[in-house]
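Thank you all for coming; I would like to take a few minutes to walk through one structure.

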Amino acid sequence: MASFSSLLPPTSRINFTNLQKSLDQCSLYCCYYTCNSKPASLAAPTAHSLRVGFGFPIENSRKKDDVLHTLAVRQLTGSVTSAEGLRFAIVVARFNEIVTKPLLVGALKTFEQYSVKEEDIDVVWVPGSFEIGVVAEKLGKSRKYQAIVCIGAVIRGDTTHYDAVANSAASGVLSAGLNSGVPCIFGVLTCDSMEQALNRAGGKSGNKGVEAALTAIEMASLFEHHLKL
């Protein structure tokens with residue numbers, strides 16, 4: 001099939017290759033000068049000038065808009081500055097006490113550092129991590145506490161017992177919080193070895209009891225000051 005240009009008289013034929021180049025050049029100029037109202041010169045913009053002059057200002061504008069929208073939205077968060085006046089319960093599993101006791105000590109020291117009085121903390125011991133959930137839910141429904149810390153240690157053995165207990169402990173703590181409406185903090189270690197557990201109970205990996213207490217303080221503050229019914 002004959003091209004469109006071949007149908008035109010010789011004097012009227014258009015060089016479409018040159019036309020496309022001209023259109024592309026015009027498009028580049030439009031993009032550049034739209035974003036740069038006072039160009040330094042009329043020279044053709046380079047790839048760098050197009051990248052800086054065209055893409056980034058729009059991106060920066062979007063980021064500024066996002067910040068403005070974020071600032072305009074009401075944001076609620078709990079405070080970890082002081083927990084004075086808040087009451088906490090700690091449910092601790094006796095099984096693997098060599099791990100759970102340092103976790104408990106870490107949590108208690110953290111509460112003390114954040115002005116929680118001793119009389120505002122109750123510690124409840126249970127046989128193992130499997131039993132934590134039901135006790136945490138009972139404590140939550142008593143409405144005596146603003147948050148409950150759940151501490152335990154499940155260490156993998158030679159059987160699938162580990163998976164059953166670890167999963168039950170996690171789902172039990174979650175259910176306790178949902179059913180009672182009181183934050184129940186998951187501070188149960190699930191480790192492959194005793195070495196891993198001890199490292200997370202005051203060893204080189206820190207103390208997860210401290211982290212659990214800090215989470216409890218923040219959640220208690222959030223519920224008490226912003227989400228209280």
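Let me begin with Ile90, which, once its neighbours within four places in sequence are set aside, is in contact with Leu104, Ala107, Leu108, Phe111, Ile121, Asp122, Val123, Val124, Val149 and Ile151. Please keep in mind throughout that this is a predicted model.

Ile90 belongs to the largest nonpolar core, a set of 26 residues in which Phe88, Ile90 and Phe111 touch the most other members. As background, nonpolar side chains in soluble globular proteins tend to be buried together.

I would like to stay with α3 for a moment. With 17 residues and 1.5 Å a residue, α3 should span 24 Å, and because its end C-alpha atoms are 24 Å apart, the expectation and the model agree. Which residues of α3 are buried? They are Val99, Thr100, Leu103, Leu104, Gly106, Ala107, Thr110 and Phe111, and since they cover an arc of only 160° around the axis, they lie on the same side of α3. The face turned away from that buried side carries the exposed residues Ile98, Lys109, Glu112 and Gln113. After α3 comes Ser115, whose phi is positive, near 70°.

Now to the charged pairs, where the count comes to 7 salt bridges. In one of these, the side chains of Arg87 and Asp122 meet at 3.6 Å, N to O, and this pair links distant parts of the chain, with Arg87 in the loop between α2 (47-72) and β1, and Asp122 in strand β2 (residues 121-126), 35 residues apart. Arg87 is partly exposed at a relative accessible area of 22%, and Asp122, at 27%, also counts as partly exposed.

Arg156 deserves a separate word, as its side chain meets that of Asp163 in a salt bridge at 3.8 Å, N to O, while Asp192 forms a salt bridge with Arg156 whose closest N and O atoms are 2.9 Å apart. Asp192 lies in the loop between β4 and α6 (194-199) and Arg156 in the loop between β3 and α5 (161-180), so this pair ties together parts that are 36 residues apart in sequence.

Note on methods. Residues numbered from 1 in each chain as written. Predicted model: local features only at pLDDT ≥ 70, side-chain atom pairs only at ≥ 80, totals over all residues. Heavy atoms only, no water. Core = buried A, V, L, I, M, F, W, Y, C linked by side-chain atoms within 4.5 Å. Buried < 20%, exposed > 50% of the residue type's maximum accessible area, 1.4 Å probe, protein only. Contact = heavy atoms within 4.5 Å. Helix = DSSP H or I, 4+ residues; strand = E, 2+ residues; numbered from the N terminus. Expected span 1.5 Å × (residues − 1). Arc of directions from axis to C-beta. Salt bridge = Lys/Arg side-chain N within 4 Å of Asp/Glu carboxyl O.
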